[in-house]
Amino acid sequence: MSLTRRQFLWTTAASTLALPLAPSAVEGLLAQEQRQASAGGSRFQHGVASGDPLGDRIILWTRITPRDPSAVQPIGVRWRIGGDPGFSRVVSSGMAETSAARDYTVKIDAAGLMPGATYYYAFDVDGEQSPIGRTKTFPVNGAQSMRFALVSCSNYPAGFFNVYAGIAKRADLDAIVHVGDYIYEFGEGEYGAGATINRIPQPPRESISLADYRARYRTYRTDPDLQEAHRLFPFIAVWDDHELANDAWAGGAINHNPEKGEGNWAARKAAGYQAYLEWMPIRESSEPGIHLYRTFRFGGLADLVMLDTRALRDRQVASTNAAGLADPQRTLMGAAQEAWMFDELRASQRANTPWRLLGQQIMFAPITPPGTRPTNTDAWDGYPAQRGRVLDFVERERIRDLVILTGDAHSSWGFDIPRNPWNGYRKTGDGSLAVEFVTPAISSPPPAMFGSPNGTEAAAAVRVALPHLKYLDGVRRGYVVVDVTPMAVKANWYFSPDVRVHSDAEVAGGSVVCERGSAHLQMA
Ligand SMILES: [Fe+2]
């Protein structure tokens, strides 16, 4: 089996990697925005957003396009949040300042809100009002249902954000959970050709510096479908590798090459992190260093534990490196995050919360049959000792009703999670400790093995090889709607017919359900 997207990536990217750089692209984008702003265009060209909902507070976000980028004075922004879109009942309001130091982004942690309630918010600058955003706090107790969209891998030049358009049509979501690859760092044509659909990202070369990453977020946030999804629903996001560089780890990335003039990894990582925090509606940690892991409690029904399995991990090893793969010292999360995650899961179980949802980036399920080598050592299959520690903990502490939420794979999967799918597990679910839903890409292309002419046969072979696999769609772009009730968690896949054509059309894919206490997926 060959499941890695990298193989597709590098075969398509190889011919374009030598393209000359376009150093003025970032400046060109800035100049274009500022011309529009100073000519009387909107100061809110990147929309509004909300995120990280708690019972009493929520993050509100916008960006102001400056009229005069040479001015050193901060820009004053008024914000307000209330119970109706006409703001006849303002609950909280205030003033904020922004400047070039944070790329003119604005982030407010609006507090004093009621749990489980819908709110509307807006910003004002120089008499212009932003679009009116809608958002929702999480309930504190007594929740009987939770519904969210699970998404990943939104690649601007690879296709239209039809998935965001489909999600924005829904009226029934509590949140959008984004498990990474919100942007891609590549230059135009390296992984997705935007020229033919007028979606060339800025800068058109690979993003490396803070100015590059900021420009890349600005490109993505001009997309009307992404703006609308942000305007209507709170996001809960963690990053994956492409917010930094392909196959990133704590000390580098496969797509980071100092010898090619890409500089120091620590500086690049810090730049990518700064731009991510500036542009995403995330509640920022006060702890030093990169710290994105955090928990959201949904009304005593589910605890959503969001992990960063990307920026704190040890380096990937080759699939032939048996000793490296087995090394118990290698970690995906770092010791502090691992201990924190165990504490969060233990506390959730002891509180008798029905469900624990683990939002993270890469496929958790073992997909390496006996006698074969792992096909993707960037995923949990490349860190089996770390996975073993998690499963040891789940068994030892009797952690029940654990649902793992995953992106990265550019394909759709539903799994039971036994320790060993080929020994001590039965297809009826005996031996399973958890379940996993893998959301497909919003627009990134599918893995080569499924996208090839022999993709159907490849998918059939995978189904035979993996007894714990309960759902697979290898090729379509889309998202998952996850429904949580006290008795069951259900995943419903939805797909876009063609992301190279702008449309909000979608088709329903499969559904699987995990009944409480079963740790087992059944077709719904
Ligand atoms: Fe991706």
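Mentor: Let us start with helix 4, where ten of the twelve residues are buried, so this helix is largely enclosed by the rest of the structure. Buried here means under 20% relative accessible area, exposed means over 50%, and partly exposed lies in between, with a 1.4 Å probe and protein chains only. Please keep in mind that this is a predicted model, in which local features need pLDDT of at least 70 and side-chain atom pairs count only at pLDDT 80 or more, while totals for chains, interfaces and linings use all residues. Residues are numbered from 1 along each chain as its sequence is written, and side-chain values use heavy atoms, with hydrogens and water left out.

Trainee: Which residues of helix 4 are buried?

Mentor: They are D212, Y213, R214, A215, R216, Y217, R218, T219, Y220 and R221. Helices (H or I, at least four residues) and strands (E, at least two) are DSSP runs, numbered from the N terminus.

Trainee: And how far apart are the end C-alpha atoms of helix 4?

Mentor: They are 17 Å apart, which agrees with the 16 Å that residues 210-221 should span at 1.5 Å a residue; the expected span is 1.5 Å times one less than the number of residues.

Trainee: Switching to phi, what is the value for F87, and is F87 buried or exposed?

Mentor: F87 has a positive phi of about 60 degrees although it is not a glycine, and it sits in the loop between strand 3 (75-82) and strand 4 (90-98). At 9% relative accessibility, F87 counts as buried.

Trainee: What about D126, buried or exposed?

Mentor: D126 is exposed, with a relative accessible area of 65%. Its phi, near 50 degrees, is also positive in a residue other than glycine, and D126 is placed in the loop between strand 6 (118-125) and strand 7 (128-129).

Trainee: Now the whole chain: how many helices and strands are there?

Mentor: The chain has eleven helices and 24 strands. Its radius of gyration is 22 Å, close to the 24 Å that the globule rule gives for 524 residues, so the chain is as compact as a globular protein of that length. That radius is taken over C-alpha atoms, and the rule is 2.2 Å times the number of residues to the power 0.38.

Trainee: What share of the chain is buried?

Mentor: Of its 524 residues, 62% count as buried.
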